[in-house]
Amino acid sequence: MREFASQTNELDDLLARGKQALAEDRLLTPALDSAYHYYQSALRIDPGNTAATVGIDRIVQRYVVLTNHAFEKQNGLMANRYIARGL
């Protein structure tokens, strides 16, 4: 029972850190302090975790927004970088 509580606390912490990193646009970098890292870590503890999979989807959505902004500013180089990262 104690192990379950420990995993639950760790999972909650990872999801909170992922949400914070996403809010700060730390989507993929830094590698060990990014939204992607935290959500993937959460999925290693609880495969199929809905909050983690939604978080990863939000990362992709954020890259779509960043890509659109780059295209609006006619910055094709950045748009292509965002597309590659989002994939």
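Asn-49 touches Leu-11, Leu-15 and Leu-43, leaving aside residues up to four places away in sequence; contact here means heavy atoms within 4.5 Å. This is a predicted model, in which local features need pLDDT of at least 70 and side-chain atom pairs count only at pLDDT 80 or more, while totals for chains, interfaces and linings use all residues. Residues are numbered from 1 along each chain as its sequence is written, and side-chain values use heavy atoms, with hydrogens and water left out.

Where is Asn-49 found? Its place is the loop between helix 2 (35-45) and helix 3; helices are DSSP runs of H or I with at least four residues, numbered from the N terminus. Is Asn-49 buried or exposed? Asn-49 counts as buried because its relative accessibility is 9%, and buried means under 20% relative accessible area, exposed over 50%, and partly exposed in between, with a 1.4 Å probe and protein chains only.

At the start of helix 3, a side-chain oxygen of Asn-49 comes to within 3.0 Å of the backbone nitrogen of Ala-51. A polar atom of the Asn-49 side chain also lies 2.9 Å from the backbone nitrogen of Ala-52.

Let us now follow the helix itself. Helix 3 covers residues 50-72. Its buried residues include Ala-52, Gly-55, Ile-59 and Tyr-63. After helix 3 comes Gln-74, with a positive phi near 55 degrees.

Finally, Ile-83 lies in helix 4 (residues 76-86). Ile-83 is partly exposed, because its relative accessible area is 36%.

Key. Helix = DSSP H or I, 4+ residues; strand = E, 2+ residues; numbered from the N terminus. Expected span 1.5 Å × (residues − 1). Polar contact = N/O pair within 3.5 Å; in protein donor to acceptor, adjacent residues only side chain to side chain.
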